[in-house]
Amino acid sequence: MKSEELKQRVDQVEGFIRALTQECHILDERRHILAPLLQNSEIQQALKKKLDKTPGVGAWNHLAPLLGQDLLRDQARLFLDDDSRSGSLTNLWRKLRVDPAIKDHFREVYGRMFDDLRTDTIEGLSPESSAAIMEQFAQQDRDKNYARFDEDWERVEAEMAVLGSNPVAAKIKTFRNKRHAHFEMQKLDEEPKPFDADSIGLTFDEVLAFGDLGQALVAKLGLLLTGTSWDPQEFAQAHAKQGTDMWKTLAN
């Protein structure tokens with residue numbers, strides 16, 4: 001791969017992972033807006049009491065399924081879309097494997113992430129001797145970083161392979177294709193009605209858990225590609241508090 005093409009591909013990959021990371025934060029906020037409606041009995045009971053026997057109860061019954069399907073659609077879009085124009089995790093991983101030179105570039109950057117920090121000299125030694133020793137220290141850091149990159153890359157590679165065969169991923173893609181992307185009807189020899197989404201067997205718990213899995217993968221890959229570390233669990237704690245506090249306030 002020519003240097004100019006490599007630079008373009010590297011720039012594209014970096015743009016993809018940064019955009020995908022930002023979308024994951026938004027996805028997680030929405031996940032924790034939905035979660036209390038499914039998992040917090042105190043909030044469920046308070047809202048039920050507030051809305052029961054009111055004209056708004058019909059609209060209320062649509063809310064959790066609406067939020068759940070929106071979350072499912074975003075997960076399919078961010079983690080599973082294999083369109084070559086998509087910024088999804090699946091397509092980003094494909095781009096990283098187009099040419100070994102792309103991975104090699106990110107490995108080299110990761111390995112040398114501390115190079116600029118070693119500017120000190122060693123008192124009592126000549127500049128040449130000091131520079132030689134400092135270079136030894138720098139090379140030790142690089143070797144550790146290279147090894148860490150290789151180990152973490154192998155983990156991501158294994159988890160991406162599992163993601164592709166994940167039965168929940170298959171359910172999400174089927175639901176997206178048959179209910180969101182298309183208004184699919186039953187086959188010719190079956191009852192003429194819309195495709196039965198319940199036949200997929202997809203549950204809210206599976207959707208929530210799959211989102212957590214996808215975000216963890218994005219965080220691991222983002223660390224390798226940009227050196228930026230973020231903990232999905234820390235974001236989840238903050239978003240969970242936001243979502244819970246909102247519903248508690250609305251439910252009095």
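## Salt bridges and helices in a predicted protein chain

Guide: In this predicted model, E23, R30, D74 and R77 are linked in a network of salt bridges, where a salt bridge is a side-chain nitrogen of Lys or Arg within 4 Å of a carboxyl oxygen of Asp or Glu.

Visitor: What should I know about how the model was treated and numbered?

Guide: This is a predicted model, in which local features need pLDDT of at least 70 and side-chain atom pairs count only at pLDDT 80 or more, while totals for chains, interfaces and linings use all residues. Residues are numbered from 1 along each chain as its sequence is written, and side-chain values use heavy atoms, with hydrogens and water left out.

Visitor: Which residue does R107 pair with, and what does the pair tie together?

Guide: R107 forms a salt bridge with D150, at 2.8 Å from N to O. R107 lies in helix α5 (residues 100–111) and D150 in helix α6 (residues 127–164), so the pair ties together parts that are 43 residues apart in sequence. R107 counts as partly exposed at 25% relative accessibility, and D150 is also partly exposed, at 26%.

Visitor: Why can such side chains pair at all?

Guide: Side chains of opposite charge can pair when their charged atoms come close.

Visitor: Changing topic, how many helices and strands does the chain have?

Guide: The protein chain has nine helices and zero strands. Its C-alpha trace spans about 85 × 50 × 25 Å along the principal axes, and buried residues make up 33% of the 252 residues.

Visitor: What is its radius of gyration?

Guide: The protein chain has 24 Å, while a compact globule of 252 residues would have a radius of gyration near 18 Å. The radius is taken over C-alpha atoms, and the globule rule is 2.2 Å times the number of residues to the power 0.38.

Visitor: How much of helix α4 is buried?

Guide: Six of the eight residues of helix α4 (residues 89–96) are buried, so this helix is largely enclosed by the rest of the structure. The buried residues of α4 are L89, N91, L92, W93, K95 and L96.

Visitor: And what does I17 touch?

Guide: I17, which sits in helix α1 (residues 3–39), is in contact with L92, V218, G222, L225 and T226, leaving aside its neighbours within four places in sequence; contact means heavy atoms within 4.5 Å. The C-alpha atoms of I17 and T226 are separated by 8.4 Å, although the two residues are 209 residues apart along the chain. I17 counts as buried because its relative accessibility is 2%.

Visitor: Where is H239, and which residues does it touch?

Guide: H239 is found in helix α9 (residues 232–250). Not counting residues up to four places away in sequence, H239 touches H25, D28, E29 and H32, and H239 counts as buried at 7% relative accessibility.

Visitor: Last one: what is the phi of K53, and where does K53 lie?

Guide: K53 has a positive phi of about 65° although it is not a glycine, and K53 lies in the loop between α2 (41–51) and α3. At 88% relative accessibility, K53 counts as exposed. N252, in the segment after α9, has a positive phi of about 60° and is not a glycine either; N252 is exposed, with a relative accessible area of 78%.

How values were computed: Helices (H or I, at least four residues) and strands (E, at least two) are DSSP runs, numbered from the N terminus. Buried means under 20% relative accessible area, exposed over 50%, partly exposed in between (1.4 Å probe, protein chains only).
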